Amino acid sequence: MQFRIRKTTIEGLVEIFPSFFEDERGLFLESFNTKSFEEAGLPTHFVQDNQSFSKKGVLRGLHFQEAPFAQGKLVRVVSGKVLDIAVDIRPESPTFGKYESFLLDGLQHNMVYIPEGFAHGFVALEDTIFTYKCTHIYDKSAERGIRWDDEQLGIDWGISDPIISGKDQLLPTFREYFEAATAARR
């Protein structure tokens with residue numbers, strides 16, 4: 001697998017641009033190759049693959065799992081287009097509370113590796129099939145989230161009236177989540 005990596009301003013968060021081959025018959029690309037990922041210093045141990053379909057305007061997130069069930073994710077769009085967001089929620093990180101955004105496009109075939117310790121979300125800019133590989137199995141008891149419209153994070157989702165699930169509308173703010181998590185550890 002040949003690909004180009006774009007490092008971001010946040011340690012461990014990278015965008016991946018795989019090579020693809022297109023001709024009159026269609027298109028071929030390798031979306032994952034253990035040897036190529038190892039050589040690039042990327043994780044290779046994934047234990048679960050997920051796929052979702054989102055209609056244009058659907059916003060999902062910001063979601064994560066707490067340790068010991070934290071998940072790294074390799075995310076990509078099969079068809080459609082999303083604005084993908086990864087927020088650094090590692091308290092010891094110099095970029096704690098910062099985020100990066102990526103335009104993932106089914107025609108461009110780019111992917112993002114999001115390490116453990118990040119909240120993740122996306123908004124579908126078109127009807128979209130979204131897929132992601134996870135480094136840890138889903139565990140409902142460890143599932144957490146932060147409000148998509150948190151003022152402290154200041155994320156520009158590029159959409160004014162997204163379609164949000166009832167569950168995501170009830171998520172705490174960034175500050176509320178970390179105040180509660182700190183209090184629980186005492």
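This is a predicted model: local features need pLDDT of at least 70, side-chain atom pairs count only at pLDDT 80 or more; totals for chains, interfaces and linings use all residues.

Residues are numbered from 1 along each chain as its sequence is written, and side-chain values use heavy atoms, with hydrogens and water left out.

User: What radius of gyration does the protein chain have?

Analyst: The radius is taken over C-alpha atoms, and the globule rule is 2.2 Å times the number of residues to the power 0.38. For 186 residues, a compact globule would have a value near 16 Å; the protein chain agrees with this, at 17 Å.

User: How many residues of strand S6 are buried?

Analyst: Strands are DSSP runs of E with at least two residues, numbered from the N terminus, and buried means under 20% relative accessible area (1.4 Å probe, protein chains only). S6, residues 59-65, is mostly covered, and its buried residues number five of seven.

User: Which residue in S13 is the bridge partner of His63?

Analyst: Two strands pair if DSSP finds at least two bridges between them. S6 and S13 pair in the antiparallel sense over three bridges. In S13, the partner of His63 is Gly145.

User: Is Tyr138 buried, partly exposed or exposed?

Analyst: Tyr138 lies in the loop between strand S12 (128-134) and strand S13 (143-145). Partly exposed covers the range between buried, under 20%, and exposed, over 50%. Because its relative accessibility is 39%, Tyr138 counts as partly exposed.

Key. Helices (H or I, at least four residues) and strands (E, at least two) are DSSP runs, numbered from the N terminus.
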